[in-house]
Amino acid sequence: MAFSNRLRNFIAVALLGLSLSACGYNTIPTAEETAKARWADVENNYQRRADLIPNLVATVQGYAKQEKDVLTGVVEARAKATQVHVDASQLTDPDKIKQFQDAQAQLSGALGRLLAVSENYPDLKSNQNFLALQSQLEGTENRITVARRDYIAAVREYNLTLQTFPSMLWAMTVFRSKKPMASFTASEGAQTPPTVKF
């Protein structure tokens with residue numbers, strides 16, 4: 001009798017474990033961690049861009065000393081962009097994401113103006129350092145685009161897990177504190193391509 005009770009309890013625990021593992025309990029934490037990892041990629045690529053800017057500014061400065069306003073604008077925009085930081089715990093705050101996005105957009109605009117200045121300086125345009133930095137920035141912008149796309153997809157997946165069956169049952173019970181994450185939105189004027197000539 002005691003053996004059959006233990007066997008029944010063991011089977012009940014085993015079935016409960018199997019049902020929990022198959023019902024999507026891990027879906028929400030997995031999707032959340034994936035989105036946080038994608039956010040880290042976004043930050044990493046924006047940091048890479050910020051690290052390249054001082055070298056680009058120094059190279060342009062040697063050729064275009066009279067373009068002080070443009071150079072100052074880039075340095076100030078970089079400083080503002082690196083001051084706005086969004087950690088993983090703030091990904092559910094759309095205002096923080098917008099603040100981060102706006103600071104990065106200002107930096108993108110300042111960089112566009114700086115690269116447009118190069119049109120007036122033929123010697124600068126042929127300088128190997130400038131060409132290498134320009135190529136690095138172009139590659140970094142592409143990486144930023146890919147990282148943002150991946151983050152948006154991960155956030156969409158995470159937010160869907162909070163709203164769809166069966167993971168929504170876990171979201172309403174065990175993971176009640178989990179909130180939808182904010183995604184990137186297009187900046188004002190994003191539909192208009194920048195007029196930068198090289």
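The axes of helix 2 (residues 27-63) and helix 4 (residues 94-117) come within 12 Å and cross at roughly 30 degrees. The model is predicted: local features need pLDDT of at least 70, side-chain atom pairs count only at pLDDT 80 or more, and totals for chains, interfaces and linings use all residues. Residues are numbered from 1 along each chain as its sequence is written, and side-chain values use heavy atoms, with hydrogens and water left out.

- Helices here are DSSP runs (H or I, at least four residues), numbered from the N terminus.
- Axes are lines fitted to C-alpha atoms over the stretch in contact, and angles run from 0 to 180 degrees between N-to-C directions.
- Helix 2 and helix 4 are therefore roughly parallel (angles under 35 degrees).
- The crossing of helix 2 over helix 4 is left-handed (the near helix is turned anticlockwise from the far one by less than a right angle).
- On the helix 2 side, the contact (heavy atoms within 4.5 Å) includes Trp39, Val42, Tyr46, Arg49, Ile53, Leu56, Val57 and Val60.
- Their partners in helix 4 include Ile97, Phe100, Gln104, Leu107, Ser108, Leu111, Leu114 and Leu115.
- By class, the contact residues are 13 nonpolar, 2 polar and 1 charged (Ala, Val, Leu, Ile, Met, Phe, Trp, Tyr, Cys and Pro count as nonpolar, Asp, Glu, Lys and Arg as charged, the others, Gly among them, as polar).

- The structure holds 6 salt bridges (a side-chain nitrogen of Lys or Arg within 4 Å of a carboxyl oxygen of Asp or Glu).
- Lys36 pairs with Glu32, the closest N and O atoms being 3.7 Å apart. The two are 4 residues apart in helix 2, so about one helical turn separates them.
- Lys36 also pairs with Glu33 at 3.8 Å between the closest N and O atoms.
- Lys178 pairs with Glu32, with the closest N and O atoms 2.9 Å apart. This pair links distant parts of the chain: Lys178 sits in the segment after helix 7 (167-172), 146 residues from Glu32 in helix 2.

- Glu32 is buried, at 10% relative accessibility (buried means under 20% relative accessible area, exposed over 50%, partly exposed in between; 1.4 Å probe, protein chains only).
- Lys36 is partly exposed at 24%.
- Lys178 is partly exposed at 27%.
- Glu33 is partly exposed at 46%.

How values were computed. Parallel < 35°, antiparallel > 145°, perpendicular 65-115°, else oblique.
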